[in-house]
Amino acid sequence: MTINLEQLAEAVDEAARTGTAIAQLTDAHPDLDSVTGYAVQRLSIQRRLNRGERQIGIKMGLTSRAKMRQVGVNEVIWGRLTDAMRIEDGGEIALSGRIHPRVEPEIAFLLKKPLSGRVSPAEALAAVEAVAPAMEIIDSRYRDFKFNLADVVADNASSSGLILGAPRPVGTDFANSWANLGMVMRFAGQPVQIGSSAAILGHPLRSLVAAARLVAEAGEILSPGDIVLAGAATEAVALRPGLHVRTDIQGLGSVSFTVRGEAP
Ligand code: OOG
Ligand code: MG
């Protein structure tokens, strides 16, 4: 069967826009590979840009064993972040319009220099302006949160929202001091995930190195001002109405949001 990329892009985009689950693309197209998945992702995000959204950076995904195990996909992936996905620190989100949203703790890099291609950790670090504690809301558009590599890549790596805490400038000691930062994500004050930045490819900077390589493979670059989410160090946890969610990262501070209660 020939694959109509624009049609697949429309399918994932409409699923995200309307909060409606769809069947995995690989059900109808078992041969779909990740290269084609990225082509679908690019076209689906282009539809968002055509509606007036602006790209603000990228997200890395499946950069920890915990995440790979949770979703059963063993490859580092990336997706695109737009301004419409941004939720302010301390803000409120609604679950309506989402399918089966989960939240996960993240570290965000804010770039001050362009970055693309094969770079060393030192070169990646030189491009970083600041780091921030963050959380990502993921919401696979596929039924039951089940997908293969090509599916999740096409679905913009499940991204649904991001929340950034206050950024901190990066000191020269950063590479050492970030190697093993403890992090705790709490629901209503109770820890639901506990992890370390070391779970992110051994060091979160390696995620930025991988990001530079992967965007280059797609013919793109990371630009000054871009946000790069390093990928969750722990599993993601399902959101419920009324929850207060907070993540604290050692040395980086905290970030939080509240889920709106159910309509009476
Ligand atoms: C894929 C996205 C993974 C991360 O931080 O590892 C991700 C998924 O879990 O649905 O965002
Ligand atoms: Mg993530």
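**Entry: Ala157**
I started with Ala157, which lies in the loop between α6 and β7 (159-164). Helices (H or I, at least four residues) and strands (E, at least two) are DSSP runs here, numbered from the N terminus. I then looked up the backbone of Ala157: phi is positive, about 55°, although the residue is not a glycine. Is Ala157 buried or exposed? Ala157 is buried, because its relative accessible area is 4%. I count a residue as buried under 20% relative accessible area, as exposed over 50% and as partly exposed in between (1.4 Å probe, protein chains only).

**Entry: ground rules**
This is a predicted model, and local features need pLDDT of at least 70, side-chain atom pairs count only at pLDDT 80 or more, and totals for chains, interfaces and linings use all residues. Residues are numbered from 1 along each chain as its sequence is written, chains are lettered from A and ligands numbered from 1 in the order in which they are written, and side-chain values use heavy atoms, with hydrogens and water left out.

**Entry: Phe145**
Phe145 has one of about 60°, and Phe145 is not a glycine. Phe145 sits in the loop between β6 and α6 (149-154). Its relative accessible area is 8%, so Phe145 is buried.

**Entry: ligand 1**
Which residues come nearest to ligand 1? I found 17 residues around ligand 1, and Lys59, Leu62, Lys67, Glu104 and Ser158 come nearest. To be near, a residue needs a heavy atom within 4 Å of the molecule.

I then listed polar contacts, which are pairs of N or O atoms within 3.5 Å; within protein, one must be able to donate a hydrogen and the other to accept it, and residues adjacent in sequence count only if both atoms are side-chain atoms. An N or O atom in the Lys59 side chain is 2.6 Å from a ligand 1 oxygen. A polar backbone atom of Leu62 is 2.7 Å from an oxygen atom of ligand 1. A polar side-chain atom of Glu104 also has an oxygen atom of ligand 1 at 2.7 Å.

How much of ligand 1 does the protein cover? On its own, ligand 1 has 320 Å² of accessible area, and the protein covers 100% of that. These areas come from the Shrake-Rupley method with a 1.4 Å probe; for residues, only the protein chains shown count as cover.

I checked where the ligand lies. Ligand 1 sits in the largest cavity. A cavity is a set of points, on a 1 Å grid over the protein atoms alone, where a 1.4 Å probe fits but cannot get out. Sitting in it takes more than half of the molecule's atoms within 2 Å of the grid points.

**Entry: Lys59**
I went back to Lys59, which lies in strand β1. Lys59 counts as buried because its relative accessible area is 2%. Lys59 and Leu229 are 170 residues apart in sequence, yet their C-alpha atoms are 4.5 Å apart.

**Entry: cores**
I looked up the nonpolar cores, which are sets of buried Ala, Val, Leu, Ile, Met, Phe, Trp, Tyr and Cys residues joined through side-chain atoms within 4.5 Å. The largest has 56 residues, and Phe109, Leu208, Leu222 and Val228 touch the most other members. Helix α8 (residues 204-217) supplies the largest share of this core, eight residues. Another core of 15 residues lies apart from it, with Val237, Leu239, Phe257 and Val259 among its members. In soluble globular proteins, nonpolar side chains tend to be buried together.

Ala211 is in helix α8. With a relative accessible area of 0%, Ala211 is buried. Its C-alpha is 8.9 Å from that of Leu115, 96 residues away along the chain.

Val12 lies in helix α1 (residues 5-18). I have Val12 as buried, at 2% relative accessibility.

Where is Ile221? Ile221 is in the loop between α8 and β11 (227-229). Ile221 is exposed, because its relative accessible area is 52%. From Ile221 to His244 I count 23 residues in sequence and 36 Å in space, C-alpha to C-alpha.

Conventions: 1 Å grid on protein atoms, 1.4 Å probe; cavity = no way out; pocket = protein on both sides within 12 Å on 5 of 7 lines; lining within 4 Å.
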